Amino acid sequence: RAWLKEAGHMDEFNAKRRVHERGRKRAARLDKPFVGCDGEGWGVDELGRQHFQLLRIGDMELYTGKPLTTAECLQMICDAPANAILVGFSFGYDTTMMLRDLSEERRARLLEPKEMAGGKSRYTFWRDFGIEYLQRNYLRVCKIKDGKAVKGSVRTVYEVFGFFQCSFVKALAQFSIGTVEEREFLIAQKESRADFSQMSPQMSEYNGLECRLLAELMEKLRENCYKADIHPKTWNGAGKLAKALHEREGTPDRKTI
């Protein structure tokens, strides 16, 4: 380093080191294991709305014997592993069910454009949680203290349906994920969803299998992307792959055309 400094190359050396460090951290972030997230509902309330009864994040299962509350679901998301990429397939239903306890005013705030105009937080505050939701992209949750996100509490569930544009079982078959018997079991359970009425070992197995196979599906997708030298920054739809390709090839964006 002394020689580099004397030769006037220290700034260049530090710049390259920063680029290398950013690349290392990015690689570590992108190579985190995927964890599937999925919920199930059955039964209806006095207004005919289905109850949200079961939520699973990888090996974590939330079932209380009664309809899950928004607070319970958000806390479970915040308790999910920090060293994982949380993903859901057609997760809009689950999000809608989990956020049911929000007031009309909080729901409206949640769906506002995400620009931070006027210094407003991107998060919608509810009790001691911060919630950010971008339809068909992600649900982000954190704990809030003194009006700020608690460090280390932020968790994001990415919506991955946009990568596949087909049913979950069809996507599994296309990528050869799971056995034929496992996929047939999923099909049978999905066809009998209207008859779900109570928790059972079979339902827990079905819910757990969906999460496990979803994680395997995303691992396979990532493997294929990396083989093609495509490295998206986040895993929430084909648009992220296109953006990664644009950055790799240095193609102009709208701002520079």
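This is a walk through the structure above, one selection at a time.

Before you click, keep in mind that the model is predicted: local features need pLDDT of at least 70, side-chain atom pairs count only at pLDDT 80 or more, and totals for chains, interfaces and linings use all residues. Residues are numbered from 1 along each chain as its sequence is written, and side-chain values use heavy atoms, with hydrogens and water left out.

**Stop 1: strand β9**

Select residues 155–159, which make up strand β9. Helices (H or I, at least four residues) and strands (E, at least two) are DSSP runs here, numbered from the N terminus. Is β9 enclosed or open? Of its 5 residues, 5 are buried, so the strand is largely enclosed by the rest of the structure. Buried means under 20% relative accessible area, exposed means over 50%, and partly exposed is in between (1.4 Å probe, protein chains only). Show the side chains and you'll find cover on both faces: R155, V157 and E159 are buried on one side, and T156 and Y158 on the other.

Two strands pair if DSSP finds at least two bridges between them. Strand β4 (residues 85–88) runs parallel to β9, joined by 3 bridges; look for L86 opposite V157. Strand β7 (residues 138–145) runs antiparallel to β9, with 4 bridges, and there R140 stands opposite T156.

**Stop 2: the nonpolar cores**

Next, select F164, L217 and M218. These have the most contacts inside the largest nonpolar core, which has 35 residues. A nonpolar core is a set of buried Ala, Val, Leu, Ile, Met, Phe, Trp, Tyr and Cys residues joined through side-chain atoms within 4.5 Å. To see where the core comes from, colour β1 (34–44), β4, α6 (168–174), α7 (180–191), α8 (201–227) and α9 (238–249): each supplies at least two residues. The most come from α8, with 10 residues.

Zoom in on F164. What does F164 touch? Leaving out residues up to four places away in sequence, F164 touches F89, A171, F175, L217, M218 and L221. Contact here means heavy atoms within 4.5 Å. There is also a second, separate core of 28 residues, and I57, L74, A80 and L110 are included in it.

**Stop 3**

The expected span of a helix is 1.5 Å times one less than its number of residues. Do likewise for α9: its 12 residues reach 17 Å from first C-alpha to last, close to the 16 Å expected.

Check what follows each helix, too. After α8 comes D229, whose phi is positive, near 60°, and just after α9, G250 takes a positive phi of about 70°.

**Stop 4: two loop residues**

Most residues other than glycine have a negative phi, which makes the next two worth a click. D146, not a glycine, has a positive phi of about 55°. You'll find D146 in the loop between β7 and β8 (148–149), where it counts as exposed at 73% relative accessibility. Q165 also has a positive phi of about 55° and is not a glycine; Q165 lies in the loop between β9 and α6 and is exposed, with a relative accessible area of 56%.

**Stop 5: charged pairs**

Last, the salt bridges: the structure holds 15. Each is a side-chain nitrogen of Lys or Arg within 4 Å of a carboxyl oxygen of Asp or Glu.

Start with D45 and R49, which meet at 2.8 Å, N to O. D45 is buried, with a relative accessible area of 13%, whereas R49 is partly exposed at 38%.

Then select E132 and R122, whose closest N and O atoms are 3.0 Å apart. E132 sits in strand β6 (residues 129–134) and R122 in the loop between α5 (104–110) and β5 (124–126), so this pair ties together parts that are 10 residues apart in sequence. E132 is buried, with a relative accessible area of 2%, while R122 is partly exposed at 33%.

Finish at R248 and E249, a salt bridge with its closest N and O atoms 2.8 Å apart. R248 is partly exposed at 38% relative accessibility.
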